[in-house]
Amino acid sequence: MSIRSPPTLEELARQALLRNEALAISALEDLPWMLFPALFKEAFHGRLTRLVKAMVAAWPFPCLPVGALMNTFNLEMVQEMLDGLDALLTQNIRPRTGKLREIDFRRVHHRFWTVWAGAEDRDCSAETVSEKQEVKPPLSYELTQPLQVITDLYFRFQLDEAETNFLEWAQQREDSLQFCCVNMKIESLSLDDVSTILTVFQPDHIQVLELSIDWSWPTLAQFSPYLAHMRNLHTLSLVQIPTDRLGLDDLPGSEEEPVRHFLSQFSTLSSLQHLSLNGLSLASKHMKLLLRNLKTPLESFSVTHCRLFQSHLRHLSRCERLHQLKHLDMCGVPLSRLGMKPLRVLLEKVANTLETLGFQGCGIKDSQLSVLLPALSQCSQLTKVNFYFNDFSVNVLSDLLRHTANFTKMATEQYPIPLECFDEFGYFSRELVVQLCLGLVDTLRAIREPKDISFATVLCRGCLKRRVSDLEARALPGTPSSYAEHFVMAE
């Protein structure tokens with residue numbers, strides 16, 4: 001039977017303060033700084049809003065990483081905290097212990113709450129001082145700077161009443177508080193709503209933007225000035241919600257200028273490293289313009305679920321900004337009727353850097369894959385490949401696996417089930433799947449030991465889900481690694 005340790009004096013003191021909010025608030029001026037994190041954490045989880053408001057004003061560290069305490073973004077609790085801070089700022093009250101320069105609502109800085117102010121968080125670190133030493137107050141010039149409120153945001157469909165009220169509240173306090181959004185996700189919002197958001201959260205603070213839209217090109221052109229000011233943006237994802245409003249190859253003359261105007265803004269994104277275009281079917285000349293306007297080498301490039309033509313592939317292979325890619329994703333792009341030589345050239349260019357490669361659902365044929373194999377075999381840094389849902393015979397799959405001898409870093413590899421597994425009506429034989437896929441794994445094991453390998457079919461006609469055959473390596477006592485095969489259903 002375990003004996004529970006008695007509470008420490010610090011725990012008893014904290015419990016007493018939490019039972020009496022008024023006492024706790026009056027004691028904050030003399031409370032040792034190292035007691036603040038644990039007391040704030042319990043007050044926050046206990047929804048002691050009066051105490052939380054008071055502790056925000058008296059916080060003795062430069063940063064309050066409150067987002068680490070939230071399982072989900074709690075707008076009500078956020079506004080309670082900011083209301084209290086706003087009241088103190090308008091009264092110009094600066095407690096002697098007050099050192100707070102930013103409140104961070106992102107779910108980061110977890111170490112802060114386990115080791116007071118974590119040393120790894122430079123902006124949120126605390127000096128190692130004795131209990132009697134005071135944390136120095138901010139310098140006079142720091143007091144003139146607006147206090148920063150940092151968060152990640154996800155807006156969907158339309159602004160609800162609470163979000164609208166919060167944005168109006170924030171607009172009224174732009175002189176005393178600076179609102180910064182680092183990671184912003186916007187889905188199916190009107191341009192008016194997006195404009196309202198970006199008047200509060202200045203574009204130059206945004207580092208990651210995911211924009212899922214059904215806008216026309218003229219509307220995107222109106223959004224261009226905001227994009228041009230995102231000088232710290234390093235990740236941009238544009239997702240076109242299918243409405244046939246974008247991606248037409250023969251645009252009306254009235255829309256040609258808006259397209260060019262929007263794409264020209266990429267020349268201002270000097271920090272861009274990751275670009276994803278999902279469902280955005282650009283005309284060849286517009287793809288060329290976009291690539292020409294890239295100012296920095298990309299680390300990842302994703303062009304998925306859209307139409308590409310031979311000229312698009314040539315532009316991709318010739319773009320120097322793509323020649324240092326670590327991640328290339330072309331999933332869902334129909335390639336069955338295109339020549340693979342430009343893609344082979346691109347793979348040769350990125351052979352020393354490429355880590356992940358996605359060709360899922362591209363309809364690639366045997367002859368096309370054979371063109372890519374010499375370049376693919378040079379990509380020695382690959383850790384993941386996805387060839388699901390292409391049309392490969394067992395012989396060409398075997399050839400593909402034999403070309404992966406240099407893939408010593410490979411962790412996950414995904415291949416289509418061989419064409420020989422299907423009958424004339426498109427149904428597959430499970431027995432053939434097991435036989436042929438295990439044979440392919442044996443071919444691979446003669447070259448290197450796979451870690452995570454799977455084979456998948458197209459949609460099952462009965463349940464409209466995909467069947468995936470996973471081959472898992474399992475060490476058996478006294479024998480080499482063997483492979484167990486099972487079927488799972490996947491969306």
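These legends describe close-up views of one predicted model.

Local features need pLDDT of at least 70, side-chain atom pairs count only at pLDDT 80 or more, and totals for chains, interfaces and linings use all residues. Residues are numbered from 1 along each chain as its sequence is written, and side-chain values use heavy atoms, with hydrogens and water left out.

**View 1. The whole chain.** The chain holds 17 helices and 15 strands. Helices (H or I, at least four residues) and strands (E, at least two) are DSSP runs, numbered from the N terminus. Of the 491 residues, 48% are buried (under 20% relative accessible area, 1.4 Å probe, protein chains only). Contact means heavy atoms within 4.5 Å. Among contacts in the chain with a separation of 6 or more, 79% are between residues 24 or more positions apart.

View 2. Two strands pair if DSSP finds at least two bridges between them. Strand β2 (residues 102-104) runs parallel to strand β3 (residues 147-156), joined by 3 bridges. Here Ile103 stands opposite Val149 in β3. β3 also pairs with strand β4 (residues 177-187), again in the parallel sense, over 9 bridges. Phe155 stands opposite Ile186 in β4.

View 3. Helix α8 (residues 161-171) forms a right-handed β-α-β unit with β3 and β4. Right-handed means that, with the strands pointing away from the viewer, the path from the first strand over the helix to the second runs clockwise.

**View 4. Packing of α9 and α10.** The axes of helix α9 (residues 191-200) and helix α10 (residues 217-228) come within 11 Å and cross at roughly 5°. That makes α9 roughly parallel to α10 (angles under 35 degrees). Axes are lines fitted to C-alpha atoms, for helices over the stretch in contact, and angles run from 0 to 180 degrees between N-to-C directions. Leu191, Val194, Ser195 and Leu198 of α9 meet Thr219, Gln222, Phe223 and Tyr226 of α10 in this contact. The contact of α9 with α10 has 5 nonpolar, 3 polar and no charged residues. Ala, Val, Leu, Ile, Met, Phe, Trp, Tyr, Cys and Pro count as nonpolar, Asp, Glu, Lys and Arg as charged, and the others, Gly among them, as polar.

**View 5. Two loop residues with positive phi.** Most residues other than glycine have a negative phi. His305, not a glycine, has a positive phi of about 50°. His305 lies in the loop between β8 (300-304) and α13 (310-318). Phe389, also not a glycine, has a positive phi of about 60°. Its loop links β11 (384-386) and α16 (394-402). Phe389 counts as buried, at 12% relative accessibility.

Key. Angles under 35 degrees count as roughly parallel, over 145 as roughly antiparallel, 65 to 115 as roughly perpendicular and the rest as oblique. Buried means under 20% relative accessible area, exposed over 50%, partly exposed in between (1.4 Å probe, protein chains only).
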